[in-house]
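Dear colleague,

Please find below the structure that I am handing over to you. I would be grateful if you would look through it alongside the notes that follow.

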Amino acid sequence: MPVIDKPSFLDRYIGMMDHVGDPTMARRQTAFLALVQAVFACAAKLVDDPRLSAGEGLDDAGMGMVYYER
């Protein structure tokens with residue numbers, strides 16, 4: 001079972017969100033971006049929000065699959 005250190009994850013996530021338009025940062029942080037998308041994919045199944053469930057253009061996995069594929 002993977003373990004993520006919450007404080008360091010949130011620090012890096014906030015730093016990433018502060019530089020959303022920086023393509024250089026995105027290239028340097030590809031592994032972390034993959035981790036963020038994996039966290040989003042797992043969390044999408046736990047959130048009770050109709051925007052994250054299956055809808056137009058989504059299969060039964062909903063947004064979780066979209067995050068996984070990213």
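The notes below begin with the chain as a whole and then turn to its helices and individual residues.

Please bear in mind that this is a predicted model. The chain contains 4 helices and 0 strands, and its pattern along the sequence reads α-α-α-α. Of the 70 residues in the chain, 20% are buried. Among contacts in the chain with a separation of 6 or more, 28% are between residues 24 or more positions apart.

The largest nonpolar core consists of 5 residues, namely F9, M16, M25, F32 and V36. At least two residues of this core come from helix 1 (6–17), and at least two from helix 3 (30–44). M16, a member of the core, touches M25, F32, L33 and V36 when residues up to four places away in sequence are not counted.

As regards the arrangement of these two helices, the axes of helix 1 and helix 3 come within 11 Å and cross at roughly 105 degrees. Helix 1 is therefore roughly perpendicular to helix 3, since an angle of 65 to 115 degrees falls in that class. By class, their contact comprises 9 nonpolar residues, no polar residues and 1 charged residue. On the side of helix 1, the residues involved are F9, R12, Y13 and M16, which meet F32, L33, L35, V36, V39 and F40 in helix 3.

One residue of helix 2 also deserves a note. A26 lies in this helix, which spans residues 23–28. A26 counts as partly exposed because its relative accessibility is 32%, and that class lies between the limits of 20% for buried and 50% for exposed. Along the chain, A26 and M16 are 10 residues apart, and their C-alpha atoms are separated by 8.1 Å.

With kind regards

Conventions
Residues are numbered from 1 along each chain as its sequence is written. This is a predicted model: local features need pLDDT of at least 70, side-chain atom pairs count only at pLDDT 80 or more; totals for chains, interfaces and linings use all residues. Side-chain values use heavy atoms; hydrogens and water are left out. A nonpolar core is a set of buried Ala, Val, Leu, Ile, Met, Phe, Trp, Tyr and Cys residues joined through side-chain atoms within 4.5 Å. Buried means under 20% relative accessible area, exposed over 50%, partly exposed in between (1.4 Å probe, protein chains only). Contact means heavy atoms within 4.5 Å. Axes are lines fitted to C-alpha atoms, for helices over the stretch in contact, and angles run from 0 to 180 degrees between N-to-C directions. Angles under 35 degrees count as roughly parallel, over 145 as roughly antiparallel, 65 to 115 as roughly perpendicular and the rest as oblique. Ala, Val, Leu, Ile, Met, Phe, Trp, Tyr, Cys and Pro count as nonpolar, Asp, Glu, Lys and Arg as charged, and the others, Gly among them, as polar.
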